[in-house]
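Please keep the sequence and the model in view while reading.

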Amino acid sequence: MNVKINLTINGKSYSDEVDSRTMLALYLRDELGLTGTHIGCDTSSCGTCTILVDGKAVKSCTMLAAQADGSNVTTIEGIAQNGNLHPIQEGFKEKHGLQCGFCTPGMVMLAADLLDRNPNPNEQEIRHALEGNYCRCTGYHNIVESIQYAAEKMNG
Amino acid sequence: MTYIGKSVKRVEDKRFLTGKGRYTDDIVLPGMTYACIIRSPYAHAKITGIDTSAAEGMEGVVAIFTGKDIAAAGVNGVPCGWQVNFKNGDTMKEPPHPLLVADVVKHVGDNVAMVIAESREIAKDAAEMVEIDYEELDAVANAAKAVKDGAPQVHPDAPGNLCFDWELGNPKEEVDAAMDAAHHITKLDFTNQRLIPNAIEPRSAIGHYESAGDKYTLYTTSQNPHLTRLLISAFVLGIPEHRVRVVAPDVGGGFGSKIFHYTEEALVVWASKQINRPIKWTAERSESFMTDAHGRDHVTTAEMGFDAEGNIVGLRVNTLANLGAYLSTFAPCVPTWLHGTLLQGLYTTPKINVDVTGVFTHTTPVDAYRGAGRPEATYLLERLLDTAALEMNMDPAELRLKNFIPPFDGVEQEGYATQVALQYDSGNYHRVLERALEMVGYDDFRKEQAEARANGKYLGIGFSTYIEACGIAPSAVVGALGARAGLYEVGQVRVQPTGKVSVYTGAHSHGQGHETTFAQVVADKFGIALDDVEIVHGDSESVAFGMGTYGSRSLAVGGSAIIKSIEKVLEKGAKIAAHKLEAAEGDLEFAEGKWTVKGTDKSIGFGDVALTAYVPHDYPEGLEPGMDFSSFYDPANFTYPFGAHIAIVEVDKDTGSVKLKRFIAVDDVGNVINPMIVDGQIHGGVAQGIGQALFEGAIYDENAQLINGSYMDYTMPRADDLPAFEIDRTVTPCPHNPLGVKGAGEAGAIGSTPAVVNAVMDALSPFGVKNLEMPLTPERVWRAMQ
């Protein structure tokens, strides 16, 4: 069964008909070609599919596209403004918070949600916030530092 | 040097940070179809019938292939790339590994059929409609059980489930005599448990046959695209190699699991020709758990003998290595040549014997996983050392310092010849441990530990000092040891007419940052800007050849090949410069991007020389135009990074949970091109090693069902399980490669596991607990304390 959805993604309006069982992550990747959102597990465990839905971090592999009807979605492709890296993206580059890059979009989007809720998190708060996102490359050490860098920069 | 030795920020980051990475599953080709592989739910079963008719009738289903189709087409199975013979000289048992099984499935996840459809969803729906009848047979998952009389047999032509048996080191009787004369023997029986690599990007493959040019393209999540091409063309599908292009685009982590040639890669290539359309297959995570080659899985008895002063006098090791149901590409090499040869460790042990038996079981194939054999060797040595220290009432750090091989640089002092076939290149083992002890504040810790115990808190400290053999490897040596491939690397340096440089390397980056590190080297050697260098990798159509990235080999072997080509460029450049400057070549020097006539201000820049090479109007007589060189580099020896890791843990008496409080790593990986990237490699390796110690381990039940094959069940370290790492390094250059580098990819995973386990054992010493199996889960630790 197809359902009609209207939503905003990275500031652009979309009006589409999707199979009711289509997951949001697959809608973004297969239908819209927004392949920055990755899929690592299909069970909400790895967090690489994390995006922002109405400003909150959501694992898009287990949210139906239909559920995003009427929402405002931001993906990794939409977080940089005017061609400049977002401070979180910059933090990951400066602090070597990524290696293979596969978990990175999810980490960046999760960090955006964290810093929105808690602009000045300490190390333990960052580590706790990252609990739902796996990284197999970095041992998280530099991801923590990347988010600290971003927090400092965003706090000006 | 402008770039070498500096923490240059990575050039690849921008695309990854903006969602513009291009991983295999991101690629969509016109007319693409999607494959779903139907996999065996049983570990061992006879296929008695397959009915595809209902599925075939579904709208959107393009084709369904079964094992019978593969057999009828005469398609071979995937081959093994390393041969280890039985002690009596008999060839190892090498049963076929078919792309789709026609008769008897041999592990949970074994390929039974492939459904191809217009979409992922239709392929999956149709797969549900394929009816397969199985007759379930007895299965065995554990290597120790598989070698017992009457155990279920995996392959009819491998009696007793034996693949090979193998021995290395001093003759057994000599080692037995040394052990008989020992003042003290420490003995441990343990399992180095099976790990599942779990790169976060699931494996994916796209096969694309184009009839117009009779050309096959495979996009695949590979660390090793050229080897995959060679195996597909020459061994599996019999397609002329020049008609096959293999592209490994951005790859989301490998850790060994993407070195190997997998059945699905050959399947999509073969089937693409049958249906004349591109086919994409991407694993779901449960398929990754069942079909990515696993790691470790050794059942070991190890004994170390000491004299009265604590000097090691002998080491005796017996290992059963679980190889799984089929031989993965490099499986036989891992528990033998990558394990037995590392049992000298950092110590002067005079007599060593290691005996390894390779065993088939009804489980997923086992192959190289981060460290590959070396973590298993290090684990047994370092557990023996800390246990012996406890038993002999000696300090574990002192015991190591007493037994270390004295420092040698491989130049003034010769390399160190081990009892187990290697010649270490250079090392200063005391220095790394002393630095680590300084960082941890050892004396203070022991006081804190004593006070904590008095207050009912159980702190522990654990040591691990390791060596690894990297930079794989001298081709003639590995050939003599059973490798069916050379292990050189290829580096092509093409200076463009404008002086910009394209470098084509056979190494493959899947997180290691080659596009930055290699560019740093090239930019400095030519005295040009980093931005003027591009590093191309992962495409057999642009890179002439290569042996891929694994075994911490990329810079030591691949970087050395690039250096050879750089030298050729500079040699030719000097001829052109001499001509243009009307000077003798011997009077020129090259620095900061230009050739200068010594003692004058006459010079010509790198870019002008490049342009002259392509516009050779005023040019040295007889010299070929152009500036493009390719080199093969075959290393003279392995490289031998080493280090000292120290863990501090606190064990909760009430719950058994282990809190890793501090982790100190001092590693020596030779010269360092980009410290930031090397530190990142160490962090990641350490985290994976900690994962083995505390969290990870594949569990098979008595029917050889993998019962923790999902992220809900298989535990990997998350951010709040780990502390911030405290790391430092010493530098002992490699004496036999031009950059003096040794490799950093595996170090962390090799050193960290025993450090953590030793720390937990130290914490548990008041309870009389000496040995526990990994992973050290709260339940296991709590039970041991009761």
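**Backbone, helices and cores**

B:Asp297 sits in strand β13 (residues 295–306) of chain B; helices (H or I, at least four residues) and strands (E, at least two) are DSSP runs, numbered from the N terminus. The model is predicted: local features need pLDDT of at least 70, side-chain atom pairs count only at pLDDT 80 or more, and totals for chains, interfaces and linings use all residues. Residues are numbered from 1 along each chain as its sequence is written, chains are lettered from A and ligands numbered from 1 in the order in which they are written, and side-chain values use heavy atoms, with hydrogens and water left out.

- Most residues other than glycine have a negative phi, and most peptide bonds are trans.
- B:Asp297 has a positive phi, near 65 degrees, and is not a glycine.
- B:Asp297 counts as buried, at 11% relative accessibility. Buried means under 20% relative accessible area, exposed over 50%, and partly exposed in between (1.4 Å probe, protein chains only).
- A:Asn82 is not a glycine either, yet its phi is positive at about 50 degrees.
- The loop between β5 (72–74) and α2 of chain A holds A:Asn82. A:Asn82 counts as exposed, because its relative accessibility is 75%.
- The peptide bond from B:Ile472 to B:Ala473 is cis, with omega near -10 degrees. B:Ala473 lies in the loop between β18 (458–467) and α14 (475–480) of chain B.
- A cis peptide bond also runs from B:Met774 to B:Pro775, with omega near -5 degrees. B:Pro775 is in the loop between α19 and α20 (778–785) of chain B.

**Helix packing in chain A**

- Two packed helices are described by the angle between their axes and the distance between the axes.
- Helices α3 (residues 104–117) and α5 (residues 141–154) of chain A pack at about 45 degrees, with axes 11 Å apart. That makes α3(A) oblique to α5(A).
- Axes are lines fitted to C-alpha atoms, for helices over the stretch in contact, and angles run from 0 to 180 degrees between N-to-C directions. Angles under 35 degrees count as roughly parallel, over 145 as roughly antiparallel, 65 to 115 as roughly perpendicular and the rest as oblique.
- From α3(A), the contact uses A:Met107, A:Ala111, A:Leu114 and A:Leu115. From α5(A), it uses A:Ile143, A:Ile147, A:Ala150, A:Ala151 and A:Met154. Contact means heavy atoms within 4.5 Å.
- Helix α2 (residues 87–94) of chain A has buried residues A:Ile88, A:Gln89, A:Glu90, A:Gly91 and A:Phe92.
- These buried residues of α2(A) pack against α3 and α5 of chain A together with α1 (13–17) of chain B.
- A:His96 follows α2(A) and has a positive phi, near 55 degrees.

**Nonpolar cores**

- The largest nonpolar core has 207 residues, and B:Val651 and B:Phe663 have the most contacts inside it. Such a core is a set of buried Ala, Val, Leu, Ile, Met, Phe, Trp, Tyr and Cys residues joined through side-chain atoms within 4.5 Å.
- Helix α19 (residues 747–764) of chain B gives the largest share of this core, 10 residues.
- Leaving aside neighbours within four places in sequence, B:Val651 has contacts including B:Tyr458, B:Val760, B:Leu764 and B:Met785.
- A second, separate core has 45 residues, among them B:Phe518, B:Val533, B:Ala578 and B:Leu739.
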